[in-house]
Amino acid sequence: MKLAKYVDDLPRLDTIEPIGEMEGIPYYEVRMQQIEQKLHRDLPPTTVWGFEGKYPGPIFDVKRYKPIKVKWMNELPKKHLLPVDTTIHGAEADKPRVRTVIHLHGGVVRPESDGYPEAWFTNGYEEVGPYFSRKIYDYPNIQRGATLWYHSHAMGITRLNVYAGLAGVYIIRDPREAFLNLPRGPYEMPLLIQDRSFNDDGSLYYPSEPDPPIPGVYPSIVNHFFGDNILVNGKVWPYLEVEPRKYRFRMVNGSNSRFYNMKLSTKQLFYQIGTDDGFLDSPVMTEEILLGPGERADVILDFSQYWGEEIILTNDAPATFPNGAPVDKETTGQIMQFKVTLPIECPDESVIPYRLTKIIPLLESQANVIRYLTLVSNKDQYGRSFLLLDNEQWSAPISIEPKLGDIEVWNLINIANSTHPIHLHLVSFLILDRQPFDLDYYKETGEIVTTGPIRLPDLNERGWKDTVKANPGEITRFITRFIPFTGRYVWHCHILEHEDHEMMRPYIVMDPFN
């Protein structure tokens, strides 16, 4: 179905407020519900899943060091909107088809509030998963100010639940940010970018099997999914009317599999001020921003010299990334439009600061452990392609057990054929470098022979991250400290079709005194 572009306003997402206090801490209740919502002017209302009656969910806008409590309430029907493959681990036929658990992506939280994939629950908690099932989640908000996002994380059906609509934005504000004089109020907003496909009746389309189909498996998981319509904040190809002044946009790639390499049709610069987990040292001026699934970018756009212009936010990332099919410039090559047509309401006194924060690096000489971890393409029992972390499936014995406070360097050795956005729960990390290696020789001998120089991370990657792009035929290195909580967490590829099909592993942060 071909839809007209730039006929709908970009929705401004609601901000949720607490309903009261619990133990002196602001307390929220958030319901997951099946709803109908207009996603485009020319579509009938589409059945989606949302939070508090909306897709995407409302914004949590909270202050650093001010904890909150959230009760996530599953009020979804028992029948799933989308095809559930019962042959993959965690979604077997004996499991309820509709299960949810919410993960605060980028959140520094105790394990029982992390949204562990097996801590799922059904409508009214009639059934619960085998691990950490909990009704009220504690979010201490002790980390740097940053743009996080929350989404469903249930074992084996994350791709379906997020695609159905269970995602929203969570902003932590550091009080010191007020002194930076960045664009704020109506001149600051999140952009949650996702892709979707629709049936002729306006309902969501998600494939029930790969092409060609897998004999004996229906429905079957697919290796990737790329929708042919781009949505921002729940609208297909929206437009935003802006004044000729500076705006701050908190960009989130909430797609299942799609990467976005974003540019502006005017070739103007992005001033990127932050990445996944907070500010960069200083703004980075760049003509393009590449985000894999799960990654975020905090940017300022200055429209002051573009009065009367209609500016397209474009995308030229292949699908799959980086060696897949090129985008269609008329469809998935466009994301949204900015119309610089509003009169100035008040003088623009915001600034783009020279210095934003001070990032104190972790040193490799401090590392307690150096890990070498492979990203591997494999075949399952039905002959389907599936990806593994260090050639281990979810149910294998846990092999990563850092002690609380340990500093580790991880070497991600990608011997698969595409880029994988690797996400760690609990911790932030700093990317050290990337280096190509002889892939064929490694597959033959298991030995690494590098074939090019070490490449430092891009300037706009040199902040605290929780998701890193690990490119094929490269070793991607990062350094992290495992603090401040002990317990069981996960790391995984954030291509949701990969995560659901075994590209996810648990790890445990150990108490050094036990």
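The legends below describe several close-up views of one predicted model.

In this predicted model, local features need pLDDT of at least 70 and side-chain atom pairs count only at pLDDT 80 or more, while totals for chains, interfaces and linings use all residues. Residues are numbered from 1 along each chain as its sequence is written, and side-chain values use heavy atoms, with hydrogens and water left out.

**View 1. An open sheet of four strands, in the order β4-β9-β8-β6, has mixed pairing.** Strands, like helices, are DSSP runs numbered from the N terminus, where a strand (E) has at least two residues and a helix (H or I) at least four; two strands are said to pair if DSSP finds at least two bridges between them. Strands β4 and β6 (102-105) stand at the edges with a single partner strand each, so one side of each is left without a neighbour in the sheet. From one strand to the next the twist averages 25 degrees, an angle that is taken between axes, which are lines fitted to C-alpha atoms (for helices over the stretch in contact), and that runs from 0 to 180 degrees between N-to-C directions. Strands of a sheet pair through backbone hydrogen bonds, and they do so either parallel or antiparallel.

**View 2. Strand β9 (residues 167-173) is largely enclosed by the rest of the structure, because six of its seven residues are buried.** Here buried means under 20% relative accessible area, exposed means over 50%, and partly exposed lies in between, with a 1.4 Å probe and protein chains only. Strand β4 (residues 60-63) runs parallel to β9 and is joined to it by four bridges, with F60 standing opposite Y170 of β9. Strand β8 (residues 146-152) runs antiparallel to β9, and six bridges join the two; in this pairing Y150 stands opposite G168 of β9.

**View 3. Strands β6 and β8 pair in the antiparallel sense over four bridges.** In this part of the sheet, H105 stands opposite W149 in β8.

**View 4. Strand β26 (residues 420-424) is mostly covered, with five of its five residues buried.** In a regular strand the side chains alternate between the two faces of the sheet. With strand β30 (residues 487-493), β26 pairs in the antiparallel sense over three bridges, and the partner of I422 in β30 is C493.

**View 5. Two cis peptide bonds are shown here, one from D211 to P212 and one joining Y218 and P219.** The bond from D211 to P212 has an omega near 5 degrees, and P212 lies in the loop between β11 (204-205) and β12 (229-232). For the bond between Y218 and P219, omega is about -10 degrees, and P219 lies in the loop between β11 and β12.

**View 6. N141 has a positive phi although it is a residue other than glycine.** Its phi is near 55 degrees, and N141 lies in the loop between β7 (136-139) and β8. N141 is buried, with a relative accessible area of 2%.

**View 7. N233, a residue other than glycine, has a positive phi near 55 degrees.** N233 is found in the loop between β12 and β13 (235-236), and at 3% relative accessibility N233 counts as buried.
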